[in-house]
Amino acid sequence: MTTIALRIRRARTLARLSQSQLAHTVGVNRSAVAQWEREAGTRPSVEHLAAVAVATKAPFEWLATGRGDTCESRLEAPSATAAECAMGDGGVRVLAAVGH
């Protein structure tokens, strides 16, 4: 199973975002994203992880746990929206809880 650091990096690179772009979208410094992507780094809060899911179009459950759809095929589809990908498998409740 992959680590949360690797899943965040994979989601970001599949979304073709730089660390700076993701940081700006999520509302954190680039160094925070760099820390999240390090094996020994810090972990994002639930709110920040939900924002990463929306920004990268990756399902929240996959980012948080490594289970479920990775959304890789939907990331390549131009018609996919962030909400469609992030809301799979319980993401609706998470996004509602953080006000998205």
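With which residue does glutamate 61 form a salt bridge?

Guide: The model is predicted, and residues are numbered from 1 along each chain as its sequence is written. Local features need pLDDT of at least 70 and side-chain atom pairs count only at pLDDT 80 or more, while totals for chains, interfaces and linings use all residues; side-chain values use heavy atoms, with hydrogens and water left out.

Glutamate 61 forms a salt bridge with arginine 67, and their closest N and O atoms are 3.9 Å apart. A salt bridge here is a side-chain nitrogen of Lys or Arg within 4 Å of a carboxyl oxygen of Asp or Glu. Glutamate 61 is partly exposed at 22% relative accessibility, and arginine 67 is partly exposed at 48%. In these terms, buried means under 20% relative accessible area, exposed means over 50%, and partly exposed lies in between (1.4 Å probe, protein chains only).

The structure holds 3 salt bridges. Arg9, Arg12 and Glu37 are linked in a network of such bridges. Arginine 9 belongs to helix α1 and glutamate 37 to the loop between α3 (30-36) and α4, so the pair ties together parts that are 28 residues apart in sequence. Helices are DSSP runs (H or I, at least four residues), numbered from the N terminus. Glutamate 37 also meets arginine 12 in a salt bridge of 2.5 Å, N to O. That pair links distant parts of the chain, 25 residues apart, with arginine 12 in helix α1. Glutamate 37 is buried at 4% relative accessibility and arginine 12 is buried at 10%, whereas arginine 9 is partly exposed at 38%.

Helix α1 (residues 4-14) packs with α4 at an angle of about 30°, their axes being 9 Å apart. Axes are lines fitted to C-alpha atoms over the stretch in contact, and angles run from 0 to 180 degrees between N-to-C directions. The two helices are therefore roughly parallel, a term for angles under 35 degrees. Their contact (heavy atoms within 4.5 Å) is made by Ile4, Ile8, Ala11 and Arg12 of α1 and Leu49, Val52 and Thr56 of α4.

Note on methods: Angles under 35 degrees count as roughly parallel, over 145 as roughly antiparallel, 65 to 115 as roughly perpendicular and the rest as oblique.
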